[in-house]
Amino acid sequence: MYKVIVLVSRKPGMSRADFQRHYETVHVPLVKTLVPALVEYRRNFFDPVEVEIMPGAEAPDFDCITEMWFKDRAGFEALTEINNDPVKGMLLAEDALKFMDPAKTRLMPVDEFGGPI
């Protein structure tokens, strides 16, 4: 499996509830339709009041930790091709701008270790 983590920030001025609602009810179905290589897709929303910040550390500047799994790197590269597609990519980008702050969004391929204890 090939895993990617995306730190997603909401659009300035948008409430957390509206951000989560749009992500789950509009963007997720769009991604599932346009990205067939996606094997698993999880969104992790957190309550900033519950976040424990260690002394000297800054508060998170993102609102959601998204996890995306692909069968292999080729599956992930298919996502890049979709993002570059003038029609499909535009659909994803236009929707993302409705609820995400692209200047703060970060996508990171990761090596996942561990499992159930």
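Phe99 is buried, at 0% relative accessibility; buried means under 20% relative accessible area, exposed over 50%, and partly exposed in between, with a 1.4 Å probe and protein chains only. This is a predicted model: local features need pLDDT of at least 70, side-chain atom pairs count only at pLDDT 80 or more, and totals for chains, interfaces and linings use all residues. Residues are numbered from 1 along each chain as its sequence is written, and side-chain values use heavy atoms, with hydrogens and water left out.

**Aromatic pairs**

The structure holds eight aromatic pairs. Rings of Phe, Tyr and Trp (its six-membered ring) pair if their centres lie within 6.5 Å; planes under 30 degrees apart count as stacked, over 60 as edge-to-face and the rest as tilted. Phe19 and Phe99 form a tilted pair, 5.7 Å centre to centre with 45° between the planes. This pair links distant parts of the chain: Phe19 sits in helix H1 and Phe99 in helix H3, 80 residues apart. Helices (H or I, at least four residues) and strands (E, at least two) are DSSP runs, numbered from the N terminus. Phe19 is buried too, with a relative accessible area of 1%.

Phe46 and Phe62 make an edge-to-face pair, because their planes stand at 75°, with ring centres 5.7 Å apart. Both residues lie in the loop between E2 (38-45) and E3, so the pair ties together parts 16 residues apart in sequence. Phe46 is partly exposed at 22% relative accessibility, whereas Phe62 is buried at 17%. Ring pairs also link Phe19, Tyr23, Phe45 and Phe99 into a cluster.

His27 is found in helix H1, residues 16-34. Its relative accessibility is 6%, so His27 counts as buried. The side chains of His27 and Asp95 are joined by a polar contact of 2.6 Å. A polar contact is a pair of N or O atoms within 3.5 Å; within protein, one must be able to donate a hydrogen and the other to accept it, and residues adjacent in sequence count only if both atoms are side-chain atoms. Beyond its neighbours within four places in sequence, His27 is in contact (heavy atoms within 4.5 Å) with residues including Tyr41, Leu92, Phe99 and Met100.

The largest pocket holds about 490 Å³ of space. Of its 20 lining residues, His27, Asn83, Ala96, Met100 and Thr105 are the closest to its centre. On a 1 Å grid over the protein atoms alone, a pocket is an open set of points where a 1.4 Å probe fits, with protein on both sides within 12 Å along at least five of seven lines; lining residues have an atom within 4 Å of a point. Grid points are joined across faces, edges and corners, and a volume is the space filled by probe spheres set on the points. H3 gives the largest share of the lining, five residues. The lining divides into 15 nonpolar residues, five polar and no charged. Ala, Val, Leu, Ile, Met, Phe, Trp, Tyr, Cys and Pro count as nonpolar, Asp, Glu, Lys and Arg as charged, and the others, Gly among them, as polar.

**Partly exposed positions**

| Residue | Relative accessible area |
|---|---|
| Ala17 | 45% |
| Val39 | 47% |

Ala17 is found in helix H1. Ala17 and His27 are 14 Å apart, C-alpha to C-alpha, and ten residues apart in sequence. Val39 is found in strand E2. Leaving aside neighbours within four places in sequence, Val39 is in contact with Met1, Trp69, Phe70 and Lys71.
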